[in-house]
Each structure stands twice: as structure tokens, then as C-alpha cells.
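Please look over the sequence and the structure shown below before reading on. The paragraphs after it walk through the structure one part at a time.

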Amino acid sequence: MTAPAALPGFGGFVAASMTAGRLVVQPRMGFGDPGRMRAGLARTRAATAHTAGTLTVDSYTRVGDLAAARAAVAEGSRLNGYPIAAHPPATTRAVLDGLFDADFPVQVRHGSARPLAIVRALTAAGLDATEGGPVSYCLPYGRTPLRESVTAWARACELLATTARPGAVPHLESFGGCLLGQLCPPGLLVAVSVLECLFFARFGLRSVSLSYAQQTDPAQDEEALRALHRLAAEFLPDDVDRHVVLYTYMGVYPRTAQGATRLLEASARLAVRSGAGRLIVKTTAEAHRIPTVEENVRALETAAAAAALAGPPPPDPTDEGDGEVYREARTLIETVLGLHPDLSRALPAAFARGLLDVPFCLHPDNAGRSAGFVDPRGRLRWARTGAMPIRPDTAADAAPPTSAGLLAALHHVADRYDSPRHRDGGDHDRPQATPLTV
Amino acid sequence: MKILLSGTASDSHTWNLVYLRLFLEEQGHEVIGLGPCAPAELLVAGCLRHAPDAVVLSSVNGHGYRDGLAAVRRLREVPALAGLPVVLGGKLGVAGHRQEADVARLTEAGCDAVLGEDLDALRAFLAARARKEVPA
């Protein structure tokens, strides 16, 4: 870490926790009703775990339909998140009062390609940490043109960097390590995470986090996280505080409580052994519905316990970070940076030419010529790379995907963790060899 | 049949749409995909432009009832689309179980079927519509 230990704010909290050898765990949690939201934050804070709080914003606010968010609040309809721009700042301050402090930072999570209203609302309520990115919250998440998202994100970065309260160090996390959540080989996830954090730094942020979502193979994931550390050190300015955040599996989740718990525990161990500072958890309810506060607290405590038992973190997480994932990500990053010195022009240019191409993404600005598959050993690989400057796997099945093949690949992780064989014991981080192609 | 497949206005989920396209194409249907987060106006424009034989709306983010209702009402306001078969699948709300009152209101608004996650029901619904198209 390059940050001084006394750095305030969200990044400083994670840095201090890492120094103390404790993994920060954080839920995805949002309720339309301020009382329920406050109760959720209070329970997160009180959990037997080293936690950060989350305000997840509802989908109407996310797509910029503030009128629909206000109408739902007025009608008392249940929303799938907290409508931060529909409630007055005083309401959000009351939600946070006595909970949000130096020992319990709170981050706003949303998913918006046009985040200005959300950033305005969160800074007005005294908050200074959020997440997303011009690519990762645009392409996989809607139909906003990429150029508009890039412009909106540049302004949002500048607003966040300049309007936080005095003494604060605003923090921005890239969601680039997720994209569509599954079937995207890690090289592209790592590259987008690094490129977005570089974008944030260029537009004024001094504290960032680089994300990566757990995929199909623990060894490949560890390699990807080490590559992420290494590329962050190589490409981000030294005076920008940074940490790595891992997302517990973002694809189709195991349906059984045992399978869901095992997958969460595997992600906590992965976070520790690959030097991540923070983990965003999933619950046993994930496959069925939006989780309750109780289920979230249980997930936080389960992850914290698994992390505590995982042993010490590696002395140098960039070690062995120069494998296949590193080389692929580095090639993608350098290709984009070579297109134009201004990232807000280089990123759209890269997608326009198919030099970045998110597999299975339906956005009109995505070339849509790439595809990923799960190889017989359980690793994620490229079936097709389109115009990207990287090569597809030679073992890839050239046949077009079928609905059954796609479904099997999407359920690969869930099926493995739900299977009795997996539950019966053994090394839970080892994938079973299930031949699957998409 | 020509099917217009779309996500709902506030729903960013994509895998449901990627999967449904393959599923519908394997049933022999032609699929026009609008992608995720399609507002009602875009849906109307898509229907007028492509003249599909049926519309399949898929929603999984917990706003299926609100978004689906707005979409169906808007479609039914357009005279040319008054008789177009429309089916809504996925999740209606955040609760994880089906609310029959929501289904009733969607049906009243002109939704021909509210299917949850049952793909056999979708297959049967479309097969029944396809049979009607064949002159006796």
C-alpha cells in the first residue's frame, strides 16, 4: 500500500484494517424505506465482523427516472434499493446519524451510467464513497451511449473529488472486475478495473479501489488478483491510495444454503490469500430473492470467520503476478492507452474498434464478437476474441452456443457447489472436472 | 413467428435475454432483441417498426410489476398494437413469491399471460399463438 496509515475516509479505513490484518466485509443492501435502511446499517455495524456499510440505490434512480422513484416513495411501494436522490438530504443524514463515522464508513452502490444526481445526493448527505465506472456501469447495464456515460462519469468524478466535506478523501471503486458477472475471462476484467481507476485518478480522485469478481476457478482467480495488484502498481500514480476489492461470485448462485455458504467461504479465503482489502459478500438467499438484513448479517459473519481462519495474507500480493492473465490484461491496457492520451476518448475508441469487447454484452456500443467458455478444468477461457489484441484458446469449441450449453455454463459454479459430492467435504476450493463449453 | 424480446425499463439484467434469444430461436422463432432497460416508448417504436407476432418481456430485478404494467398500458394505447400478444415473464416484485393481485392488474391492463419463470409455459403460449396463425 502506498497510503499513509492515517489517511481518513473509506480508503484509509480499509488501509488501517489491512495493517491490522483484518479483511473488511461489506454487504449489498438497500431498502426504499429510510427506517429499514437505517436498521440495516445498524445491524451491519453491529455484526461480529469488520464491516463497512452499504446504501444500495434502487433501479429507478439508477436509470435516472427520479420521477418514478419519487412516485414509488409517495405511494409507499417497495423499491429494490434506497432512492437517495428522491429522499431529501436531511432524511439520508438521519438514516446515517450516529452510525456513519471513522469506524464505520458507508459506501453508496448504484449501477448508474449517469451518476451525477446520485453523487450530488450522496455528497449533500455528507457521504464521500461510491463505486461504478464509465464502462462497467454503462455497457453491461443498459443502453446509455458509451460516450455519454464517459462524459457523465468524468463530471461525477470531478464533483465527488471537489465537493466532499473538508478533510475528507473521497473514494471511488471501479466495478470493472464484474462486467456481466460471469463468462468473461479475467484478463478483460482486470484490464477494465485498472483502466477505470486510472480514469478516476485522471479526473481528480485520490483514493480508489480495483475490483475483481470471483469466477470459476480458485487458482485462476488468485492469479488474476495478483495481476490486478501488479498492474495497479505499474499504472496508477504513486500518490493515489488504492486497495483491491473482491466480489463473492456474481453469477447464478447456489440454491442450497450449504452450497451458498461454501462459495462465500471460498471467496473469503481467496480474498485473504490474494491480498484483497475488502470483500463484498453474497447471502444464502441470493438464488431466490433480495436478501433480508438478517441474511446479510449472517453472510458478513460467515465471511469474516472464514477469513480469520485463512491464515496471514501474502507478504507481497504482486508476487507471481506475471502469468497469462497479467500478460493479457497488460496488452489490453497498453492498447487502450496508446489510442489517445485522454482516457475519455481512448475508452470509447477502443470499444468502437472492438479492441475491448465484453462477451455476451448486448449494448449497441459493444462489438459483440467475443465469447468466453468454461474449459474442462473449470478455467474461464476465450472462445472468440473478435478484434481484441489477444488470442482465443486453441481448444475452444467453434460451434455456436445452444441455450442448454449456455445454461450449463451459467450454472457451472452453482451446480458444483450445490452437488452433494462437493458438500461432503474435501478441498472446497478445488473445482471438479466438468467438461463444458459455450 | 417473429418475436420481439425485451428487458423492462429499469431492469439491467442481460443473461435472461441472452438465454431467451437462444431458447426462442431453437423453437424456430425469429427474434428481434431490444436488450435491457428498454423504456415503454422504445418498446412501442420497436413493435411498430418490426411488426412482431408476439412480444416477450422479461424482468428479474423486482420491478417487473411496475415496469410491466407501464409497458403493457403504453402498448395498448397504440391502436395498431391493441391485439398484439404480450407475455411477461420473470419476477414481479422483490418478495420472491407471486402476488395474484399484481397478476390480475397486469392481465386487466392487457397482458395476455404472466408466466413467472416457467419456460414450458412460454413454449406452450407461443405454440398456441403460432397454431392460430395457420389458416384452418
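The model is a predicted one.

Chain B is built from five helices and five strands. Followed along the sequence, these elements come in the pattern β-α-β-α-β-α-β-α-β-α. The C-alpha trace of the chain spans about 45 × 30 × 25 Å along its principal axes. The radius of gyration of chain B is 14 Å, and this agrees with a compact globule, because a globule of 136 residues would have a value near 14 Å. Of those 136 residues, 43% count as buried. Among the contacts in chain B with a separation of 6 or more, 76% are between residues 24 or more positions apart.

In general, strands of a sheet pair through backbone hydrogen bonds, either parallel or antiparallel. Strand 3 (residues 54-59) and strand 4 (residues 86-90) of chain B run parallel and are joined by five bridges. Across this pairing, B:V56 stands opposite B:V87 in strand 4 of chain B.

One residue of chain B deserves a separate look for its backbone. B:C37 is not a glycine, yet it has a positive phi of about 55°. B:C37 belongs to the loop between strand 2 and helix 2 (40-50) of chain B. Is B:C37 buried or exposed? B:C37 has 26 other C-beta atoms within 10 Å, so it counts as buried, the cut-off for this being 20 or more.

The next topic is the contact between the two chains. Chain A contributes 24 residues to this contact and chain B contributes 21 residues. On the side of chain A that touches chain B, the elements giving two or more residues are helix 3 (59-62) and helix 14 (403-410) of chain A. Helix 14 of chain A supplies the largest share of that side, four residues. By type, the residues of the side of chain A that touches chain B are 13 nonpolar, seven polar and four charged.

In soluble globular proteins, nonpolar side chains tend to be buried together. The largest nonpolar core in this model has 172 residues, and A:V190, A:V194 and A:A303 are those with the most contacts inside it. Helix 8 (residues 186-202) of chain A gives the largest share of this core, 12 residues. Neighbours within four places in sequence aside, A:V190 is in contact with A:Y212, A:A224, A:A227, A:L228, A:L231, A:V325 and A:A329.

Helix 12 (residues 324-337) of chain A has 14 residues and reaches 20 Å from its first C-alpha to its last, close to the 20 Å expected at 1.5 Å a residue.

Helix 10 (residues 257-273) of chain A can be checked in a similar way. Its 17 residues should span 24 Å at 1.5 Å a residue, and the end C-alpha atoms are 24 Å apart, so the two values agree. Helix 10 of chain A is mostly covered, with 14 of its 17 residues buried. Just after helix 10 of chain A comes A:G275, with a positive phi of about 75°.

A positive phi also occurs at A:F360, near 70°, in a residue other than glycine. A:F360 sits in the loop between helix 13 (343-352) and strand 9 (370-374) of chain A. A:F360 is buried because 24 other C-beta atoms lie within 10 Å.

Residues up to four places away in sequence aside, A:E301 touches A:A47, A:T48 and A:A49. A:E301 and A:H50 lie 251 residues apart in sequence, while their C-alpha atoms are 8.9 Å apart in space.

How values were computed: Residues are numbered from 1 along each chain as its sequence is written. Chains are lettered from A and ligands numbered from 1 in the order in which they are written. This is a predicted model: local features need pLDDT of at least 70, side-chain atom pairs count only at pLDDT 80 or more; totals for chains, interfaces and linings use all residues. The radius of gyration is taken over C-alpha atoms; the globule rule is 2.2 Å times the number of residues to the power 0.38. A residue is buried if 20 or more other C-beta atoms lie within 10 Å of its own, exposed if 12 or fewer, and partly exposed in between; C-beta atoms are placed from the backbone. Two residues are in contact if their C-beta atoms, placed from the backbone, lie within 7 Å. Ala, Val, Leu, Ile, Met, Phe, Trp, Tyr, Cys and Pro count as nonpolar, Asp, Glu, Lys and Arg as charged, and the others, Gly among them, as polar. A nonpolar core is a set of buried Ala, Val, Leu, Ile, Met, Phe, Trp, Tyr and Cys residues joined through C-beta atoms within 7 Å. The expected span of a helix is 1.5 Å times one less than its number of residues. Two strands pair if DSSP finds at least two bridges between them.
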